[in-house]
Amino acid sequence: MDQRSLRILEWDKIRQQIAAFASFSLGKDLVLALEPSTDYSEVEQRLERTTHAVALLWKHGDPPFGGAVDISSILQRAAIGGILEGYELIQLARVLECAANMRRYLADSEHFSDLREQLASLPELKIEINRCFDDEGNLKDNATPQLASIRRKIKTLENRVRDKLDNIIHSSSYQKLLQENIVTIRSGRFVVPVKQEYRSSFAGIVHDQSSSGATVFIEPAAVVEINNELRIAHQEEQREIERILRQLSSEVVPHGEQLKLTLETLAKLDLIFAMGKYSRKINGTPAELNQKGYIMIKKGRHPLLTGPVVPIDVWLGDKAYILVITGPNTGGKTVTLKTVGLFALMTQAGLHIPAEPGSHMAVFDNIFADIGDEQSIEQSLSTFSSHMSNIVKILERATSRSLVLLDELGAGTDPTEGAALATALLDHLRENRVTTIATTHFSELKNFAYANPEVENASVEFDPVTLKPTYRLAIGIPGKSNAFAIARGLGLSEKIVNTARSLLNEERIRVDDIIGEIEIDRQESRKAREEAEALKAEYAALKQKYEVLYSELSERKAELIAQAQEEAAELVKKTRENLDLLIGELRRQQNIDLEKIAAAKRQELVEQQRKLKTSRPQKEKAQPVQHLKVGEQVRVRSLNQTGHVLEVSDTEAQVQVGIMKVSVKLTDLERTNEQPKTVVTHRLRSRGTGKSSQIKPEIDLRGLTIDEALPAVDKYLDDAFLSSLNQIRIIHGKGTGALREAVQAQLRSHPHVKSFRLADPNQGGSGVTVVELEH
């Protein structure tokens, strides 16, 4: 892809915006190195990945990239036999935890199955590292029996030394000799501070003195032997630590290639989901691809413009493959060029474009742009020379599968020669069937477009009343400069304007007048069409609203009739039971005539009951709802509840109704008035009501014993689950790590827990566990 054109079209700014959504450094590096592809199959695959990433983001939220860091240097050092530090092994374990979480996140997406299989979680290695090290990378006492024994010995010796030293500093015979009644450490030895003048009176070894010289730090003779034993024990501890680190480092080596592939795959997934998040930010849609040079942009918005943006419609390549845009300056001609060029780059990089669904983009073998004034004093190039130099290079490389964007073609020189040169350049591009969009002020190019069916005129709208551009693009109609109208509006005298107008030939004046009339008619037609479309949309909304009301009223009517008939049937049933009792009594009295009368009445009741059953209205057979989309809000008729669609098959759909996921037939569903985006917002709000308004997103266990904490955690998890909280924090503190391990052991087997991890260092680190709940 032409690098100069990428710079002109501000491709790097797009990459910077996407990089803001990357989760770790390797993913960000891939984003910043992202280049458009010219291979149709690769572009198609990239777009599919982005589309499915957006679907997963709406369905599951952000992917769990917590713990993902660049461990490339760690793997390289392990591969050459280096000994890894504890914090490096902990980083490796966190990458494995991230890979395991991503495997679960992608479990129900077949579109990412190939990348999912490349993620190695290596549970044995991860468990062994977490068993041996705490969150800061320090070896735990129970990493090996030998280390536990050595550290117990060290604690015993330290206690013995402290006991002896405590006896010394609290002894009345030493009070006068000591500077302070404290025990400290110098050069790894336990010492006490002695006044300088009593140095010779205190038996022991001097290890240090204060900066003032008034205090010397002496190791009393009574603890020298114990301190020696303590020094030897510390050396044994260091040797055991090195042995453990060497062993774990060697266990990493056989998995080096798997870990490297896992890291690369996490970076790829980070890139894909960053592109998906960017699509949601710009409200993007995937363009439909083709290899015919066909472009159709519906309501396209330049992604780098801020504030209110007027969308444009552009189509090119169906019959005409060269578009000539005319019109006044600041009217939006250059923005149109950059929008089309940037959309082509974004599509071929696998990004969604900020346009309406149904937009089409071709896959070009190269994109060339000559936009803006790049005159160079150093190279002695004028504006015209600079443009022409670039155009020469473009013509040498452009093919029938290229896209060429030319701004102010032929400007910067004599207008007559510039117009002739611009016409010749466009004719050359036409003969070579190069898809081209060019902007110009030359009227001769309008005539060139009318004379060649492969070339189409277009213009940017201008409001002669307000003397401001509307920034809308009108294809099929050439533009006029509006110089006279602008000059008149800015205060130039009518006499001068009329004199200037008289200098134009009559044909030019007539053509400009016709174009002006066409433009006015087109603007009025567009306004009328927009009003008609607004009324149509309002009518459709009202129609849908009243259809829903009518449906609800019809259902309610049927329910009331059914209820009344059931009550009538119940009354008939009770009457029949009473009649049976009466007949029994009559039989006992052997009153045959009365029994016949009663039997006849009974038959009448049976007939009346039969009529009630047959007259009960039959519900109209429901039709399956058509073209359901994931995220769309629906109503489940049988439950009389609303929810949003999670998955759709030919006959059924999985719907989230409150905290329940239910599978229902399509015939039991009906659409509601709300759009998918509204559905998501409404669903999130509804999950925050009720009990969740009283449940805090964190629980503090500090100060509790394990026996007190575990039941509290279990109850809190139930409350948080019923409140539909997605994420909670459990504050257990750092301490010895016993409470943290007990809580995390409980979390591993708890049915409500989807995943958990330690908080980031700036959010509590190893003192806080962040829990994702399963819903």
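Trainee: What should I know before I start?

Mentor: The model is predicted, so to speak of a local feature we need pLDDT of at least 70, side-chain atom pairs count only at pLDDT 80 or more, and totals for chains, interfaces and linings use all residues. Residues are numbered from 1 along each chain as its sequence is written, and side-chain values use heavy atoms, with hydrogens and water left out.

Trainee: What is the mean pLDDT of the protein chain?

Mentor: pLDDT is the predictor's confidence in each residue, from 0 to 100. Here the chain has a mean of 82, and 84% of its residues reach 70 or more. Over residues 374-381, though, the value is below 50, and this stretch has 11 contacts (heavy atoms within 4.5 Å) beyond near neighbours in sequence. Residues 675-693 also stay under 50.

Trainee: How do I read a sheet, and in which order do the strands of the open sheet lie?

Mentor: Strands of a sheet pair through backbone hydrogen bonds, either parallel or antiparallel. Strands (E, at least two residues) and helices (H or I, at least four) are DSSP runs, numbered from the N terminus, and two strands pair if DSSP finds at least two bridges between them. The open sheet has 4 strands in the order β1-β2-β4-β3, with antiparallel pairing. Its edge strands, β1 (184-186) and β3 (204-209), each pair on one side only. Neighbouring strands are turned by 50° against each other on average, direction ignored.

Trainee: Which helices pack on that sheet?

Mentor: For angles, axes are lines fitted to C-alpha atoms, for helices over the stretch in contact, and the angles run from 0 to 180 degrees between N-to-C directions. Helix α9 (residues 145-169) touches β2 (189-195) and β4, and its direction makes about 10° with that of β2. Helix α10 (residues 224-252) touches β2, β3 and β4, at about 145° to β2.

Trainee: Are the residues of strand β15 buried or exposed?

Mentor: Buried means under 20% relative accessible area, exposed over 50%, and partly exposed in between (1.4 Å probe, protein chains only). In β15 (residues 633-636), Q633 and R635 on one side and V634 and V636 on the other are all buried.

Trainee: Which strands does β15 pair with?

Mentor: β15 pairs in the antiparallel sense with β16 (residues 641-648) over 4 bridges, and with β19 (residues 669-671) over 3 bridges. Follow V634: it stands opposite G643 in β16, while its bridge partner in β19 is R671. The hairpin of β15 and β16 has 4 residues between the strands, and N640 takes a positive phi near 55° there.
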